[in-house]
Amino acid sequence: MSFLLGPLRKHIPGFKELTDHNEILNIETPKEIAIPLMAMGSTNLELYVKEGDRVLVNQKIAARNDHFVIPLFSPVSGTVTGFKDEFHGWGGRKSKHIVIENDNQYEAVAPTPLDYVSASKDEIIEHIKEMGIVGCGGAGFPAYLKYKPMTETPYLIINAVECEPYITQDYRNVNDYLEDLVNGVHILRKAGNVQKTLVAIKEDKKQTIARLKEAFGGFSDIEVVGVPNVYPMGWERTLVFELLKKRYDRLPSEIGAVVNNATTAIMVSRAFRLGVPITEKMITVSGDGIKEPRNVLAKIGTPIGDIVEACGGTTDENVHVIHGGPMMGKTMLSKNVTINFTSNALTVLIERKVDAIGCLRCAACVDNCPAGLIPVKIQDAEIAKNLDMIEKLDTNACIECGLCTYVCPSKIDVTENMRRAKNALRLRKG
Ligand code: SF4
Ligand code: SF4
């Protein structure tokens, strides 16, 4: 990964007003849910249930158990009716899903709350692991792993920046569950033996900043920091540089920092206060292709088609439904794709035919790349299938943020070409 950072000066329209104050809709849980048996790209999961088994709410049904431990839990009570192959929210090919028939009884396993005040650092980390708390900012990285190697953490950064257009679910979570956010931050401070905590949010969110400052007011080692409204300020690397003026190679822990998304901190609080894992997500459903943009609460395993319908359906026959935001999300090929534990948005956009023209060599993609890359040259190398050049140009440092496509006056999907170039490198490594 590159040590370089690009200029990071692009303000892009947010369209946040479409959803940031609308009433939150509870999506009715369907009769049948399907949970992808996948965690951080791996389908090598251990199964704890089989066809015909009755399961309860919050029961562990599967887990990735290699160098990452990521358990999956049932959001409903009912019967495992089987398994099916289906597309999933991370894009790519179909993968195995576990299918559960919902009996609408919501009979749950006994919750396992934990008092973090009396718990040790190790007990706290173990509880975060057992509850399957993963990064809610999109990557789904297991939260416990960030704290396990840290005997002491100079900086904990709580990321409430939410820089992708349309998405407001972090904003709503922070405002609607402020007490849980505060509780979660205190738990994470103890998990990491943290010296200084920085809660980062866009500087134009003045009212929320005031509420956060009041909520954390009694703690001199917790600071609420407003950051510029530019994209992709929420990317971990740029946020760390903005706050600490430090760069790192692979992980922020190299410079003594741990970064957690604000919603992740809220989920951590619930895992301790209520003793429950993540089985439901707040999802922003927005874009010019949806009739009633809003935030919704949906159980994991709910099909995206149901959610689109619950938001009034689409404004046009031809729309793209993107899992995530318009810059970094993936267009879904089926309305049967279901919500998973990393889902945070569905962006529904009217399809518009775009006629790309030849590259103008204007370097707008170079000027705006936050990873400090030369996208136009990588694109040339990809077209020429020059793998050595693709590697030399540090293509794997691309975070697929979408900015190069966004700024390209020729309407070239430069980001897609970056993905292809990265894929070519992956295939060469085998
Ligand atoms: S998607 Fe484009 S702008 Fe974003 S990091 Fe990759 S090359 Fe740079
Ligand atoms: S922004 Fe588009 S037109 Fe300009 S150099 Fe990059 S790829 Fe070419």
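**Reading contacts, rings and a helix**

Modeller: Let us begin with one residue and its surroundings, keeping in mind that this is a predicted model. Once the neighbours within four places in sequence are set aside, N344 is in contact with C136, G137, I167, Q169, M282, I283, T284 and G324.

Colleague: Where does N344 lie, and why does N344 count as buried or exposed?

Modeller: N344 lies in the loop between β16 (330–331) and β17 (345–350). Its relative accessibility is 12%, and therefore N344 counts as buried, since buried means under 20%.

Colleague: How should I read a pair of aromatic rings?

Modeller: Such a pair is described by the distance of the centres and the angle of the planes. The structure holds three aromatic pairs. In the pair of F68 and F141, the ring centres are 5.6 Å apart and the planes stand at 75°, so this pair is edge-to-face, the cut-off for that label being an angle over 60 degrees. The pair links distant parts of the chain, because F68 belongs to the loop between β5 (60–65) and β6 (69–73), while F141 belongs to the loop between α1 (121–130) and α2 (144–147), 73 residues apart.

Colleague: Where do the charged ends of K96 and K205 sit?

Modeller: The charged end of K96 sits over the ring of F83, 4.9 Å from the ring's centre, and that of K205 sits over the ring of Y171, 5.1 Å from the centre.

Colleague: How do I read a helix, and which residues of α10 are buried?

Modeller: An α-helix has 3.6 residues a turn, so residues three or four places apart point the same way. In helix α10 (residues 375–383), the buried residues are P375, V376, I378, Q379, A381 and E382. What covers them includes α9 (364–368), α11 (387–392), α12 (403–407) and α13 (414–429). Just after α10, K385 takes a positive phi of about 55°.

Colleague: How many residues surround ligand 2?

Modeller: Ligand 2 is surrounded by 13 residues, and the closest are C359, L360, C362, C365 and C408. The elements giving two or more residues to this shell are α9 and α10. By class, the shell has 10 nonpolar, two polar and one charged residues.

Technical notes
Residues are numbered from 1 along each chain as its sequence is written. Chains are lettered from A and ligands numbered from 1 in the order in which they are written. This is a predicted model: local features need pLDDT of at least 70, side-chain atom pairs count only at pLDDT 80 or more; totals for chains, interfaces and linings use all residues. Side-chain values use heavy atoms; hydrogens and water are left out. Buried means under 20% relative accessible area, exposed over 50%, partly exposed in between (1.4 Å probe, protein chains only). Helices (H or I, at least four residues) and strands (E, at least two) are DSSP runs, numbered from the N terminus. Contact means heavy atoms within 4.5 Å. A residue is near a molecule or strand if one of its heavy atoms lies within 4 Å of it. Ala, Val, Leu, Ile, Met, Phe, Trp, Tyr, Cys and Pro count as nonpolar, Asp, Glu, Lys and Arg as charged, and the others, Gly among them, as polar. Rings of Phe, Tyr and Trp (its six-membered ring) pair if their centres lie within 6.5 Å; planes under 30 degrees apart count as stacked, over 60 as edge-to-face and the rest as tilted. A charge sits over a ring if NZ of Lys or CZ of Arg is within 6 Å of the ring centre and within 35 degrees of the ring normal.
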